[in-house]
Amino acid sequence: MAQPKTPGRLVAQNRRARHDYFIDENVEAGIVLVGTEVKSLREGRGNLQDAYAGEMQGELYLFNAHIPEYGPAQRFNHELKRPRKLLVRKRERDKLLGKVKREGMTLIPLSIYFNARGFAKVDLGLARGKKAHDKRETIKARDWQREKARVLRDRG
């Protein structure tokens, strides 16, 4: 599966997500940030390890995403792992939350980036968990593709 193109500048990426989950669908969502969070992200700092999206008070929120403090702000900084509201259309939100509730899927943030207009966006993946044998199959297939490419390159 090819990685989706993220226009603009990539800030943080969740590489482990593609290893641990089958990504069925990708959704782009806006994110509500305070000023020091934006400045910290523009410095290229942010971590999506163990982050997930879910429902809180009928809205879609990003939980456990770590955005470090912005140094020059000193005492006016933000909380590091606070829940951050995600901005999607109502119909899309209802569809995603319905799949999470009914089909047992998970919303995983794959990356945070700034789009061409300078807005921070989150690439969410609607995911199903992989079992250990699925992970081994993925590794085997990737190694076979690498070996096949090496043989073809050496041949001609």
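Helices (H or I, at least four residues) and strands (E, at least two) are DSSP runs, numbered from the N terminus. This is a predicted model, where local features need pLDDT of at least 70 and side-chain atom pairs count only at pLDDT 80 or more, while totals for chains, interfaces and linings use all residues. Residues are numbered from 1 along each chain as its sequence is written, and side-chain values use heavy atoms, with hydrogens and water left out.

**Arg84 in β5**

- Let's begin with Arg84, which belongs to strand β5 (residues 84-87).
- Arg84 is buried, at a relative accessible area of 0%; buried means under 20%, exposed over 50% and partly exposed in between (1.4 Å probe, protein chains only).
- A polar atom of the Arg84 side chain lies 3.1 Å from the backbone oxygen of Arg82.
- Beyond its neighbours within four places in sequence, Arg84 is in contact (heavy atoms within 4.5 Å) with residues including Ile31, Val32, Leu33, Glu37, Leu60, Tyr61 and Leu62.
- Ala65, Ile67, His78 and Glu79 are also among the contacts of Arg84.

**Partners of β5**

- Strands β4 (residues 59-63) and β5 pair, antiparallel, over two bridges; pairing requires that DSSP finds at least two bridges between two strands.
- In β4, Leu62 stands opposite Arg84 of β5, and Leu62 is also one of the contacts of Arg84.
- Strand β2 (residues 21-31) is likewise joined to β5 by two bridges, and these strands run antiparallel.

- Most residues other than glycine have a negative phi.
- Gln57 is not a glycine, yet has a positive phi of about 55 degrees.
- Gln57 lies in the loop between β3 (52-56) and β4, and counts as exposed because its relative accessibility is 70%.
- Asn64, also a residue other than glycine, has a positive phi near 70 degrees.
- Asn64 lies in the loop between β4 and β5, and is partly exposed because its relative accessible area is 29%.

- Ala141 counts as partly exposed because its relative accessibility is 42%.
- From C-alpha to C-alpha, Ala141 and Arg42 are 36 Å apart in space, and they are 99 residues apart in sequence.

Note on methods:
Polar contact = N/O pair within 3.5 Å; in protein donor to acceptor, adjacent residues only side chain to side chain.
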